[in-house]
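Me: I would like to go through the strand pairing in this model. Could we take it step by step?
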Amino acid sequence: MSLRALPQESDALSVVRKVADKVIADTRFGFTLVPQKEVLGMQVIDFRSLHPLPAQYVYAQSRLTAISDTTLSFGLGYAGGVSIWVNRKLAYREENPAMQIPKEISYNHFTFNRRFSASLKKGDNEIVISYKPIATAIPVVFLMPATAAGGLDTAAKFNSGMNTAWMLLGPVDNSTGLKPESPMPDYVMTGTKALNWVKSPQRFIPELETPPHAAYQRDPYTDWHYSHGAMVWSIMALDNDGKYNAFARQYIDFTLKQVPYFRYQYNSLFAWRGSYHRIFRRTMLDDTGAPILPFAELYVTEKNEALKALVTSIADYVTREQVRLKDGTFCRPEPVEFTVWADDLFMSVPFLLQMAKITGDHRYYDDAAKQALNFRKYLLNPQTGLYKHAWFDHKQQQSAAYWGRANGWVAWATAELLAKLPKTHPAYKQVLSNFRQHMKALLRYQNRNGFWHQVLDRRDSYEETSCTALFTLALARGVREGWLSAAYQKHAFAGWAAIQTKIDEDGVVHGICQGTEIGYDQEFYMKRKTIDNDPRGMGAVITAGLEISKLRR
C-alpha cells in the first residue's frame with residue numbers, strides 16, 4: 001500500500017490530533033482468554049493439580065532435545081526435596097528449605113538459587129523429576145537450561161508448551177510400598193494400575209486485546225510499556241478536559257483496576273510474559289520511569305489512593321533499587337553488567353521531575369540534573385557532538401553507533417529538564433549549555449529534506465521518523481523557550497515538514513524504527529526494521545506537532 005500523506009499545509013495540531021485519534025481507535029479496553037505459554041524456555045513444573053502433601057512424592061517427566069553431545073548447566077528453583085534423573089542417571093538431589101522464585105533481572109535473564117550440570121546426548125534425552133513439597137511453599141519446580149549470565153542456553157530444547165510438555169505422576173508415599181525416596185524405580189517410568197502418568201493441565205489466562213483493524217499489531221496499546229506511557233502522556237497534553245484527556249483517564253483507570261488480579265497472575269501463575277508483566281517485573285527503567293508518566297501527571301492534580309500507591313512504589317524503585325554506577329548514574333545489567341543506555345535518560349528524568357513537583361523534594365531535581373550531566377560524560381563524543389547509544393563500564397568504552405533515537409531520547413529528556421528545573425539550580429546553566437551544544441551538533445546531520453538518519457552520521461542509513469520527531473520537538477521548544485536563537489526555527493519547521501510526509505490520511509505514522517537493544521556494530525542499526533504506528537515513536541510525533549503548533553502561534 002502506498003503512503004497517502006496528509007497535505008503539507010495541514011495545521012500541525014490538526015495533524016497530531018488525527019494521529020492521536022488513530023491511537024484511540026486502535027485501543028481496546030478488553031481481554032480474551034488464551035493458553036498460557038512457556039516463557040523464554042523456563043519450565044514451570046506445577047504440581048498443584050496433584051494436591052500433594054508434605055509427606056508425599058510427585059513426579060514429572062519430559063524430554064529435551066540436544067543439538068550435540070554436551071554437558072549443560074541448568075538453573076533451578078524450588079522449596080522442598082528434589083531429585084532429577086537425566087537418561088536414568090541421577091544428576092541432582094538436594095533439599096532446599098526456602099523458595100526463591102527465579103527473577104528476571106533483565107530482558108530474558110533470570111537469577112536462580114540452585115544450579116546443576118548434566119551430560120546430554122545428541123537428540124532426545126529423558127528427564128524425570130522427583131519432588132517432595134514442604135508446607136511453607138507452593139509445589140512448583142522451575143527449571144531452565146541456563147548460561148552463566150542466566151539466559152536461555154539453546155544447546156538443548158524442551159518439548160514446547162507451558163506445563164503441557166510435562167507428564168505428572170502421584171502423589172505417592174511410603175505407604176504404597178514403592179519406596180519413592182530410593183533411586184528412580186521402574187514404576188516411575190512404566191506406571192502402575194493405581195499410578196498413571198497424566199498430562200499437565202493447560203491453563204488459560206486473560207490477555208489484552210488488539211483490534212483487528214489496528215495499524216500496530218505487535219502489542220496492545222493498553223499494556224504497561226515505556227513507549228505506551230510516553231504516548232499516552234503526550235496525548236494528555238493535547239487538551240485539558242476534552243476527549244484526549246478522557247482517553248488518558250480511561251487508560252489510567254483501566255490499568256489501576258486490573259493491577260490486583262495481574263499481580264496474582266504474575267506472582268502465582270508465573271505468567272512472566274502475560275499482560276502487564278512489566279509493572280511487576282520492575283528490573284529496569286523501561287518497566288518503571290516511563291510507563292508511569294501519565295499516572296504521575298494525573299496525580300499531580302488529582303490525589304487518590306490507587307494512584308498514590310502505584311506512583312510512590314515506582315518512585316521507590318527508581319530512587320532506591322534501580323541499578324547505578326558507583327557515581328549514581330543509572331545503568332542496566334544488559335547486554336553486560338553496568339551498561340549505561342542513552343534511552344534511560346528519558347526513562348528517568350521526566351518522572352523524577354514529576355516527583356519533585358508532587359513531593360516538593362528537591363533531591364529529585366538533583367538526581368535528574370546529575371543524570372543529564374553524567375550521561376553526557378559517558379556517552380558524548382566531543383568530536384562529533386553526538387551521543388553513542390551506550391557506555392560499557394566493564395570495558396570503559398562507548399558502543400559503536402550514534403543511533404538516532406538514542407540521541408532523541410537525550411534531547412527530549414533534556415528539554416523536559418530545562419523546562420522544569422529551577423533556574424537557580426546549580427546545574428541549570430551547564431544543562432542549558434550542553435543542550436545548546438547538542439542541538440548545534442545535530443544540525444550538521446539534518447538532511448535538506450528535514451530528516452535525520454537512523455545512524456546519524458551514516459547517510460546510507462534510512463531516514464527515520466522517531467528521531468526526526470524527537471529532534472524537532474527539542475528544537476521547537478528550545479526556540480520557543482529562548483534556549484535557542486531564532487535561527488534554529490527553520491530546522492524545526494523542516495523537521496516537521498519531513499515528519500508530515502510519513503503520516504498518512506488515516507493518521508498512521510510510518511518509518512518508526514522498531515525496538516532496539518544495544519548493537520555491537522553499526523550494521524545492526526542499519527538493518528533494523530520500521531513498523532507503522534510503533535508506539536516507540538508515537539509520543540515523540542505527537543509532542544513534536546504540539547511544539548510546532550505552539551511555536552507558530
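Me: How many bridges join strand S5 to S10, and in which sense do they run?
Reply: In this predicted model, S5 (residues 80–86) is joined to S10 by six bridges, and the two strands run antiparallel.
Me: Which residue of S10 is the bridge partner of Val-82?
Reply: Val-82 has Tyr-131 as its bridge partner in S10.
Me: And how does S3 pair with S10?
Reply: Strand S3, residues 57–66, pairs with S10 in the antiparallel sense, over nine bridges. Within that strand, S10, Gly-123 is the bridge partner of Ala-66.
Me: Is S10 mostly covered or uncovered?
Reply: S10 spans residues 123–132 and is mostly covered, with seven of its 10 residues buried.
Me: Changing topic: what is the strand order in the open sheet of three strands?
Reply: The order is S16-S19-S20, and the pairing is antiparallel.
Me: Why is one side of S16 and of S20 left without a neighbour in the sheet?
Reply: S16 (339–341) and S20 (397–398) stand at the edges and each has a single partner strand, so one side of each lacks a neighbour in the sheet.
Me: Which helix packs on that sheet, and what does it touch?
Reply: Helix H9, residues 363–379, packs on the sheet and touches S16, S19 and S20. The direction of H9 makes about 110° with that of S16.
Me: How many bridges are there between S16 and S19?
Reply: Three bridges join S16 to S19 (residues 390–392), and these strands run antiparallel. For Trp-341, the bridge partner in S19 is Ala-390.

Key
Residues numbered from 1 in each chain as written. Predicted model: local features only at pLDDT ≥ 70, side-chain atom pairs only at ≥ 80, totals over all residues. Heavy atoms only, no water. Buried < 20%, exposed > 50% of the residue type's maximum accessible area, 1.4 Å probe, protein only. Helix = DSSP H or I, 4+ residues; strand = E, 2+ residues; numbered from the N terminus. Pairing = 2+ DSSP bridges. Contact = heavy atoms within 4.5 Å. Axes fitted to C-alpha atoms, helices over the stretch in contact; angles between N-to-C directions.
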